[in-house]
Amino acid sequence: MAQQAPLTGAVIVSTPQDIALIDARRGIAMFQKVNIPLLGLIENMSSFCCPTCNHVTPIFGHGGARLEARCVVSRFSARSRSTCTFGETSDDGRPIVAIEPDSVHARHYVGIAREIWTGVVRRTASRPAPRIVIE
């Protein structure tokens with residue numbers, strides 16, 4: 001699929017555990033093999049924020065994706081936190097950015113999206129627009 005669709009770049013998402021990073025490395029290698037630039041690496045579920053006391057706990061460890069980014073792509077996009085609300089709304093097909101757009105978590109995800117978009121704009125600014133021919 002990556003060879004059939006014109007892609008500007010790829011974003012790899014991984015949890016911080018070593019076993020998940022093995023899969024992330026495979027994804028990185030696949031995109032490198034087909035010459036698709038890596039726009040960033042996101043460490044998903046790097047911590048859990050308690051809805052009662054707001055205590056943050058790194059339940060799956062932390063830092064694995066950041067270390068991997070330094071070794072492989074030198075670009076680390078972000079860490080994301082998990083909350084009960086986030087899991088519930090995602091399962092219902094209601095993204096947190098839509099139902100709680102002013103929440104800390106929604107702002108965090110919008111920030112990640114902006115950072116990735118900035119990378120896309122930088123990468124595509126130097127390329128000429130495609131020539132479209134209608135016959």
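**Close-up views of a predicted model**

View 1. The model is predicted, so local features need pLDDT of at least 70 and side-chain atom pairs count only at pLDDT 80 or more, while totals for chains, interfaces and linings use all residues. Residues are numbered from 1 along each chain as its sequence is written, and side-chain values use heavy atoms, with hydrogens and water left out. E1 runs parallel to strand E2 (residues 38–49), to which five bridges join it (strands pair if DSSP finds at least two bridges between them), and leucine 38 of E2 is the bridge partner of alanine 10.

**View 2. The largest nonpolar core.** Nine residues form this core, namely Ala2, Ala10, Ile12, Ala24, Ile28, Phe31, Ile36, Leu38 and Leu41; such a core is a set of buried Ala, Val, Leu, Ile, Met, Phe, Trp, Tyr and Cys residues joined through side-chain atoms within 4.5 Å. E1, helix H1 (18–33) and E2 each supply at least two of its residues, and the largest share, three residues, comes from H1.

**View 3. The two sides of helix H1.** Ala20, Leu21, Ala24, Gly27, Ile28 and Phe31 are the buried residues of H1 (buried means under 20% relative accessible area, exposed over 50%, partly exposed in between, with a 1.4 Å probe and protein chains only). The face turned away from this buried side carries the exposed residues Asp18, Ile19, Arg26 and Lys33.

Note on methods:
Helix = DSSP H or I, 4+ residues; strand = E, 2+ residues; numbered from the N terminus.
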